[in-house]
Amino acid sequence: MENTVTIIDNRTGKQYTFTDTHDTIRAMDLRNIKVAPDDFGMMSYDPAFMNTASCESRITFIDGDKGILRYRGYDIADLAERCSFPQVAYLVIHGELPDAEQEREWLAALRIHMGIFENIKKFMEGFRYDAHPMGMLVSTLAALSTFYPDSRHVRDHETQMHCIRRIIGKIPIIAAYGYRHSKGLDYISPEPKLGYAENFMHMLWDRSPLEHLKHPVLARALDVLFILHIDHEQNCSTNAMRAVGSSEADPFLSIAGAAAALAGPLHGGANEEVLKMLDEIGSIDNIPAFIQGVKEGHHKLMGFGHRVYKNYDPRARIIKRTAEEVFEVTGRNKKIDLAMELERIALADEYFVSRKLYPNVDFYSGIIYEAMGLEAKMFTVLFAIPRAVGWLAQWQELINDPAQKIARPRQIYTGYERRKLPDSYTYGAPSEESLAYTR
Ligand code: ACO
C-alpha cells in the first residue's frame, strides 16, 4: 500500500486507491469515482493551476519556500557568476553545458541566424511611431512564421533545432529594431562577432547619443540579467508556449503567444510598472502612505509577491548585486535607494510578512535597465529575449513527450439549462434595434 492514496466516496461508501508518483495523483484516475455507471466521473477544479502539474520537466527546478532556482541542476547563482548567456542557453536547450568545440559550433550556428529579411524590416516600419515595443515584438515573431513554412514540421528533430537557433539568433534583432523604430532611428545591422549582449547593445545604440553605453561592464551586466531570465518552469508565458505548441502550431506562432502572455503587468510587464510606481512615490517620505494604500487594497506593491516564491527570489538578490556594478559605470540611479527603503519597510510589515511577499525579479531589474539608458517601455522586451530560450526548451520538451496531447482543460458549466429562443428571432428579419444601429 506504500505510494498509494485511498479516497472514500461518502456518496456511495466506495473506496478508490490511486498510485502516488512524485506526490501526485493523476487527475484522469479521479474519473473512476462515479455515483452511477453512466456518470461522467469526478474532476479536479483548479482555476489558475494553483496545484496542478501539467507536465514532467527536466529543465528548471524551483523550491519556492527555500528560494532555490536551478537550471538543469545547476544553481542560478553559480551560472550567473561563472558562465556566459550563450553557454547557459546551450545548457537549457541541450541539457548539458557545452565543451569548447560545442560552444564554438553553437556560437557559429547562432551567428548564421543573426539577420532578418528586408521584408521584415519593412513590416516593422509599418508600426506607428509610438507603438509599444512588446506589441511590435509579438507581431513580428508571428510574422516570421510566414517566412519559414518548413517550421511547421514540428515533430522533426532537425526542424526543431533549426527553429530554436533561428529564433535565438533573431529575437535580439527584432527587439533592437523595435527600439530604433520608436526613436525614429535607422536600423543597425547585427555585428555577429560581438558577444550576444554586446551585439544587442551595438544594435540599440550605435550611431546614437547613447553610444557610450556600449561598455564592457554593462554588457556583462546585461549578460547576467539575460541568464537570470532564461527559464522559470511553468509560469504564465511558458504555459502559453506549451498550450499553443500543443496544437502543433509552428514555434514562431507559439512563441508569439508566449510573448503576448509575458506582456501583461502581472507577469513580465511588472518591471515597467515598478518604475511607474517608484516615480509616483517620488520620495522616501511618501513610502509609509503608499504602503498604507497597498494594505487598504488601493494598489499593489509591484515587483513584490510570486506564485511560487514564498521567500526571497534568488534572482532579485543577484540583480541587487549587479546593480552596484552598473552604478560604478553609470552613476547611481536614485530610484535604487527608494526601492531599498520600500523593501525594508515592506519586509518589516505584518501585511507582507504574513503573506510571504518578497521582492521578485522585477523589483530591481527595471532600475538597472534604466541606469543603462533603457526606458521602461523596453523592459519586457529585455525579459523576452532570454526567456525565448526557456520557452523553446519547454516547447521542444513538450513536442517530444509522448505523454502530452493537445492542451484542453475541462470546465464546470454553471450557465443556463436549455432555453427556447424567443419567437421574435427569425433569420433574415433584423430587429428594429439592429436596423437603428446600422443607420
Ligand atoms: N502587493 C500587495 N499585495 C499582494 C501583492 C502585491 N504585490 N501580491 C500578492 N498580494 C496579496 C494578495 O492581495 C493576497 O492577499 P489576500 O490573501 O489578503 O487576498 C495575497 O497577497 C496572496 O496573493 P495572490 O494574488 O493570491 O498571489 P498569486 O500567486 O495569485 O499572485 C502575483 C502572484 C501575480 C505575482 C502577485 O503577487 C502580484 O500581482 N504581484 C505584483 C505584480 C508582479 O510583481 N508581478 C511579477 C511576478 S514575477 C514574474 O512574472 C517575472
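Start with α6, which gives the most to the lining of the largest cavity, with four residues. Helices here are DSSP runs of H or I with at least four residues, strands are E runs of at least two, and both are numbered from the N terminus. The model is predicted: local features need pLDDT of at least 70, side-chain atom pairs count only at pLDDT 80 or more, and totals for chains, interfaces and linings use all residues. Residues are numbered from 1 along each chain as its sequence is written, and side-chain values use heavy atoms, leaving out hydrogens and water.

**Stop 1: the cavity**

Select α5 (133–144) and α6 (157–183); each supplies at least two lining residues of the largest cavity. The structure holds one cavity of 30 Å³ or more. On a 1 Å grid over the protein atoms alone, a cavity is a set of points where a 1.4 Å probe fits but cannot get out; lining residues have an atom within 4 Å of a point. Volume is the space filled by probe spheres set on the points, which are joined across faces, edges and corners.

Colour the cavity lining by class: eight nonpolar, one polar, no charged. Nonpolar covers Ala, Val, Leu, Ile, Met, Phe, Trp, Tyr, Cys and Pro; charged is Asp, Glu, Lys and Arg; the others, Gly among them, are polar.

**Stop 2**

Move to the second largest pocket, with about 200 Å³ of space. A pocket is an open set with protein on both sides within 12 Å along at least five of seven lines. Of its 15 lining residues, the closest to the centre are Pro 86, Leu 107, Leu 194, Gly 195 and Tyr 196. Show α3 (100–112), α7 (196–205) and α8 too, as these elements give two or more residues to this lining.

**Stop 3: α2 against α8**

Select residues 85–94 (α2) and 216–228 (α8): the helices pack at about 15°, axes 9 Å apart. That makes α2 roughly parallel to α8, a label for angles under 35 degrees. Axes are lines fitted to C-alpha atoms over the stretch in contact, and angles run from 0 to 180 degrees between N-to-C directions. Phe 85, Pro 86 and Val 88 in α2 meet Asp 223, Phe 226 and Ile 227 in α8, with contact meaning heavy atoms within 4.5 Å.

**Stop 4: two loops**

Finish on backbone angles. Ala 48, not a glycine, has a positive phi of about 65°. Find Ala 48 in the loop between β2 (14–19) and β3 (60–63). Arg 207 also has a positive phi, about 50°, and sits in the loop between α7 and α8.

Note on methods:
Angles under 35 degrees count as roughly parallel, over 145 as roughly antiparallel, 65 to 115 as roughly perpendicular and the rest as oblique.
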